[in-house]
Amino acid sequence: MPCHVHLHQDFDDDWIREFTARLDSSITLSIGPDVSSSTNILIAGVPEAKHLEASKALTTLVIPWAGLPKATRVLLKDYPHIEIYNIHHNAGVVAEHAVALMMALARNLIPTDKTFRANDWTPRYDKTSIMQLKGKRALILGYGAIGHEIGKICRTLGMKIVGIKKNHDASEGAYPVSELPVFLPKTNVFFVCLPMTPNTLGMIGKNELSLLPDNAIIINIGRGAIINEEALYNELKSGRLKAGLDVWYQYPKKEKIWTIFPPSKFDFASLENVIMTPHLAGHSDMVEKERIAELAELINNIASGNKPQTQVDINRGY
């Protein structure tokens with residue numbers, strides 16, 4: 001059945017050529033700021049009302065990345081007939097980054113490197129500062145596409161995996177959010193992989209962090225504000241826990257302040273038990289090829305009448 005897809009996002013010519021080559025022959029593709037009046041599927045991350053109303057044939061919005069932007073969620077509540085999908089093309093590389101942070105913290109690599117650059121061999125003789133991951137328990141809060149990828153890697157390291165997921169399935173090692181207080185005290189590495197929604201904002205606070213055992217590692221590659229900012233800083237400042245943080249509490253909005261803008265009102269940068277990265281877990285030399293492949297496959301499936309699993313529930317926010 002013929003299908004008209006409109007690409008509203010700004011991609012370069014090579015990207016568009018490769019994407020077009022992967023689409024089924026029954027699909028017509030238009031590109032640009034003005035949405036065609038015959039559009040069935042709109043590819044756009046943050047559309048405006050005029051884009052959704054440009055075509056009476058529009059049935060589907062595809063967000064070309066993971067997540068549901070707040071503005072899109074608010075807007076689409078007025079268009080209940082439009083189905084929303086997104087893609088998880090960077091799940092693998094985000095998982096790699098999360099595990100890299102875990103391993104660097106477990107092996108105490110950053111402080112050791114800093115010390116040894118000063119010709120100080122002391123870390124060689126301190127065997128207690130290193131956590132062996134084999135046999136340890138990883139708790140993954142948000143056991144979706146990224147969480148599953150993290151779980152796969154951790155299992156190869158000999159770790160025990162517990163997933164926390166709203167739509168849980170005990171057969172895949174996943175449990176409901178209500179079980180979080182049960183598993184936190186037994187956790188050595190706590191991965192936070194949740195999307196930002198009204199229900200996840202501030203979900204991990206002082207009480208939850210206090211349940212983690214001494215020397216536990218926190219890895220946040222979800223969204224910063226899922227973990228209470230002050231509570232996290234205070235726990236880390238005490239030295240009781242370690243953390244690898246790729247997502248933050250404040251972001252620069254203009255390029256001219258990229259080199260001077262702090263990611264938090266608290267001084268995480270002064271803490272040696274923290275590894276900080278500037279929200280780049282989803283970046284890689286292959287990420288755009290992965291995006292093209294997954295986006296084209298999704299479009300082809302929708303155009304052929306299938307219901308892909310990446311449909312977004314606007315009420316849940318993901």
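Me: Why is Phe268 called buried?

Reply: This is a predicted model. In it, Phe268 has a relative accessible area of 1%. Buried means under 20%. So Phe268 counts as buried.

Me: What makes Tyr233 buried or exposed?

Reply: Its relative accessibility is 9%. The cut-off for buried is under 20%, so Tyr233 is buried.

Me: Why is the pair of Tyr233 and Phe268 called edge-to-face?

Reply: Take two values. The ring centres are 5.4 Å apart, and rings pair if their centres lie within 6.5 Å. The planes stand at 80°, and over 60 degrees counts as edge-to-face. Therefore Tyr233 and Phe268 form an edge-to-face pair.

Me: What parts does this pair of Tyr233 and Phe268 tie together?

Reply: Tyr233 lies in helix H9, and Phe268 lies in the loop between S11 and S12. They are 35 residues apart in sequence, so the pair ties those parts together.

Me: How many aromatic pairs are there?

Reply: The count comes to eight aromatic pairs. One of them is Tyr233 with Phe266.

Me: What makes the pair of Tyr233 and Phe266 stacked?

Reply: The angle between the planes is 20°. Planes under 30 degrees apart count as stacked. The centres lie 5.2 Å apart, and the limit for a pair is 6.5 Å. Phe266 sits in the loop between strand S11 and strand S12, 33 residues from Tyr233.

Me: Which residues form one aromatic cluster?

Reply: Tyr233, Trp248, Tyr249, Phe266 and Phe268.

Me: Why do S8 and S12 stand at the edges of the sheet?

Reply: The open sheet has seven strands in the order S8-S7-S6-S9-S10-S11-S12. S8 and S12 each have a single partner strand, so one side of each is left without a neighbour in the sheet.

Me: How do you know that S10 and S11 pair?

Reply: Four bridges join S10 to S11. At least two are needed, so the strands pair. They run parallel. Asn220 stands opposite Leu245 in S11.

Me: Which helix packs on the sheet?

Reply: Helix H6 does, touching strands S6, S7 and S9. Its direction makes about 175° with that of S6.

Me: At what angle do H1 and H10 pack?

Reply: The angle is about 35°, with the axes 9 Å apart. The crossing is right-handed. Among the residues that meet are Trp15 and Phe19 in H1, and Ile292 and Leu295 in H10. By class, the contact has seven nonpolar, one polar and five charged residues.

Notes
Residues numbered from 1 in each chain as written. Predicted model: local features only at pLDDT ≥ 70, side-chain atom pairs only at ≥ 80, totals over all residues. Heavy atoms only, no water. Axes fitted to C-alpha atoms, helices over the stretch in contact; angles between N-to-C directions. Helix = DSSP H or I, 4+ residues; strand = E, 2+ residues; numbered from the N terminus. Left-handed = near helix turned anticlockwise from the far one by under 90°. Contact = heavy atoms within 4.5 Å. Nonpolar A, V, L, I, M, F, W, Y, C, P; charged D, E, K, R; others polar. Phe/Tyr/Trp six-rings, centres within 6.5 Å; stacked < 30°, edge-to-face > 60°. Buried < 20%, exposed > 50% of the residue type's maximum accessible area, 1.4 Å probe, protein only.
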